Amino acid sequence: MRPTTGWRADSATRTLRRAPLERRDLRPDDIAVRVEYCGVCHTDLHALQAHRSDANGVLVPGHEFTGVVTDAGSAVSGFAPGAPVAVGNIVDSCGVCRMCRAGQENFCRSFPTLTYGGADRQDGTTTLGGYSREYVVSHRFAHHLPAGLDAAAAAPLLCAGVTVWEPLRALGVGPGSTVAVAGLGGLGHLAVKMATALGATTTVISRTPDKAGEARGLGAQEFVLSTDSEQTEANRDRFDVVVDTISAPHDPAPYLRMTAMDGTLSHLGHLGPVTVDTLDLLIGRKKLSSAGSGGRPSTAAMLRFCAEHDITADIELLPSSQVNSALERLERNDVRYRFVLDMSDLD
């Protein structure tokens with residue numbers, strides 16, 4: 001086994017504590033990655049909260065990280081020590097189902113192996129995430145980090161970035177498209193940057209009037225205040241794609257009303273039950289969709305696109321020793337727009 005150090009959930013204190021960890025010895029197709037930067041995702045917060053009732057499980061969060069290859073297995077090609085890499089929230093899949101064969105490992109029929117909290121497909125051990133100094137992963141689920149992308153600001157692309165990238169591409173967003181992004185947080189700000197770079201006329205929908213300037217600074221051409229009925233009515237049946245990144249439970253009806261005829265509301269932020277009045281779909285032949293994470297081809301394409309258009313997340317970089325503060329602030333939405341942990345203090 002390979003010893004390392006990371007941040008492990010402590011059920012007694014309901015926080016993360018620094019602890020020794022072990023990574024598996026390298027399999028032939030594995031690479032060892034020295035984790036340099038790891039993004040802090042709402043999923044990490046939810047996992048920690050859920051872990052409070054399970055004192056027996058081992059939880060090390062973190063599923064969007066960048067680092068450097070330090071070692072490689074005998075069957076690895078394309079990755080050598082010193083190579084900068086990026087890893088997202090999936091580290092394995094069955095590889096044979098229809099979804100995997102289509103390059104959508106994120107929809108693997110037998111469920112993908114998650115970067116943390118998953119079960120390793122070979123030995124059944126629980127996967128431990130990127131809040132650590134080293135991670136061992138199959139090279140098939142690692143990506144070259146393109147030159148020119150800041151390694152810290154690129155880390156959130158591997159979860160938040162690809163989560164909004166996949167529906168934008170699947171829905172054909174490009175020049176001539178009208179896109180609205182509901183919510184301006186970790187997902188939303190990247191959706192604005194990507195939609196704009198794809199050539200779409202991009203609008204931000206928010207209940208916070210102070211975000212109008214932020215939205216335009218990110219590239220949005222327009223801003224709609226969701227609490228202003230005159231503004232929402234003026235934008236009724238307008239947008240080809242509405243990307244809903246709001247993380248709290250909410251009614252999708254106002255956003256469906258702003259979706260154009262034959263347009264799509266892509267519901268990304270809140271992954272829970274949704275109640276929809278069929279008439280909100282019927283009037284205008286509107287569609288309600290969702291997406292999550294991304295397959296390997298899509299993730300690689302997203303990284304290339306971001307390098308070409310100089311797109312990274314707007315981040316607040318913190319030493320990993322401040323992880324508990326970051327999670328507490330994230331719960332209060334006190335971040336613009338993504339926390340990233342510098343793991344070098346684990347040496």
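Guide: Let us begin with one residue. Met 194 touches Leu 157, Gly 161, Val 164, Trp 165, Leu 168, Met 302, Phe 305, Cys 306 and Ile 311, not counting residues up to four places away in sequence; contact means heavy atoms within 4.5 Å. This is a predicted model, in which local features need pLDDT of at least 70 and side-chain atom pairs count only at pLDDT 80 or more, while totals for chains, interfaces and linings use all residues. Residues are numbered from 1 along each chain as its sequence is written, and side-chain values use heavy atoms, with hydrogens and water left out.

Visitor: Which residues touch the most other members of the largest nonpolar core?

Guide: In soluble globular proteins, nonpolar side chains tend to be buried together. A nonpolar core is a set of buried Ala, Val, Leu, Ile, Met, Phe, Trp, Tyr and Cys residues joined through side-chain atoms within 4.5 Å. Buried means under 20% relative accessible area, exposed over 50%, and partly exposed in between (1.4 Å probe, protein chains only). Here the largest core has 41 residues, of which Leu 157, Leu 168, Val 179, Met 194 and Met 302 touch the most other members. The greatest contribution to this core, 6 residues, is from α5. Helices (H or I, at least four residues) and strands (E, at least two) are DSSP runs, numbered from the N terminus. Apart from this core lies another, of 39 residues, including Phe 65 and Tyr 135.

Visitor: At what angle do helices α1 and α11 pack?

Guide: Two packed helices are described by the angle between their axes and the distance between the axes. Axes are lines fitted to C-alpha atoms, for helices over the stretch in contact, and angles run from 0 to 180 degrees between N-to-C directions. Helix α1 (residues 42-51) and helix α11 (residues 323-331) pack at about 100°, with axes 10 Å apart. Angles under 35 degrees count as roughly parallel, over 145 as roughly antiparallel, 65 to 115 as roughly perpendicular and the rest as oblique; α1 and α11 are therefore roughly perpendicular. Among the residues that meet are Leu 45 and Leu 48 in α1 and Leu 327 in α11.

Visitor: Is Met 258 buried or exposed?

Guide: Met 258 is buried, with a relative accessible area of 2%. This residue lies in the loop between α8 (253-257) and β14 (259-267). Beyond four places in sequence, Met 258 is in contact with residues including Ile 205, Val 224 and Phe 239.
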